[in-house]
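Hi,

Here is the structure I promised to pass on. Have a look, and then read on for what turned up.

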Amino acid sequence: MKHRSQPLSARQPKPPAPQPHRRHPVAAFIAMLTLACVTLLAIALIAMQRTSQPATNSDRPQASADAKWTVGMLRPDGLRIIVTGREDASQVLDPQQFSRPEVRHGYWIATQIPAQLNKLYCWCGCENRGIHRSNLQCFEDEMATDCPVCLGTAEIAYQMSQKGITDAAKIQAAVDVTWRP
């Protein structure tokens, strides 16, 4: 008896035809709900980030008579504070009382250029706690002893004044580049 071979297609079963993928209605609803929640969360995070970060010059309008100005907001004169109070070093702590050289140097700077420091906003955030109005006041107590922002702001102002740059708006711009979050 002769055995006839069958064609290959006849010997193997055909795979089932692909069916369109269908999700269970509950799974589809959960997927859409998850996507909506993620989208809303992303929008909320972006909104919170915009309100918690100081705006840059390009995305915040300059202060005007109509806008409510707050400390830290860039003013038309290039400053971030309204200059008030003392412009002398009469209340700056004695630099010699500090043992760390960088702290002693910072307090010494405050005795040399108090009028400049009185015009500068300090990015350490001390004004938000109602303590200070300017970088000068950071040196009228011990705030600057442990604050690299206070010391750094004074150092930038001193270095620029040594180069003949005394315009407070230009110094504030340099401070902003270094210390603004």
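A quick definition to begin with: a residue is called buried under 20% relative accessible area, exposed over 50% and partly exposed in between, using a 1.4 Å probe and protein chains only. This is a predicted model, so local features need pLDDT of at least 70 and side-chain atom pairs count only at pLDDT 80 or more, while totals for chains, interfaces and linings use all residues. Residues are numbered from 1 along each chain as its sequence is written, and side-chain values use heavy atoms, with hydrogens and water left out.

By that cut-off tyrosine 158 is buried, at 14% relative accessibility. Tryptophan 108 is partly exposed, at 34%. Rings of Phe, Tyr and Trp (its six-membered ring) pair if their centres lie within 6.5 Å; planes under 30 degrees apart are stacked, over 60 edge-to-face and the rest tilted. That gives 4 aromatic pairs. In one of them, the rings of tryptophan 108 and tyrosine 158 have centres 5.4 Å apart and planes at 75°, so the pair is edge-to-face. It joins helix H3 (residues 101-112) to helix H5, across 50 residues. Helices here are DSSP runs (H or I, at least four residues), numbered from the N terminus. Phe98, Tyr107 and Phe139 form one aromatic cluster.

Now for H6. Ala168, Ala169, Ile171, Gln172, Val175 and Asp176 are buried there. Seen down the axis, the buried residues of H6 fall within an arc of 155° (taken from the directions from the helix axis to the C-beta atoms), so they line one face of the helix. On the other side, Lys170 and Val177 are exposed.

Cheers

Definitions and conventions:
Helices (H or I, at least four residues) and strands (E, at least two) are DSSP runs, numbered from the N terminus.
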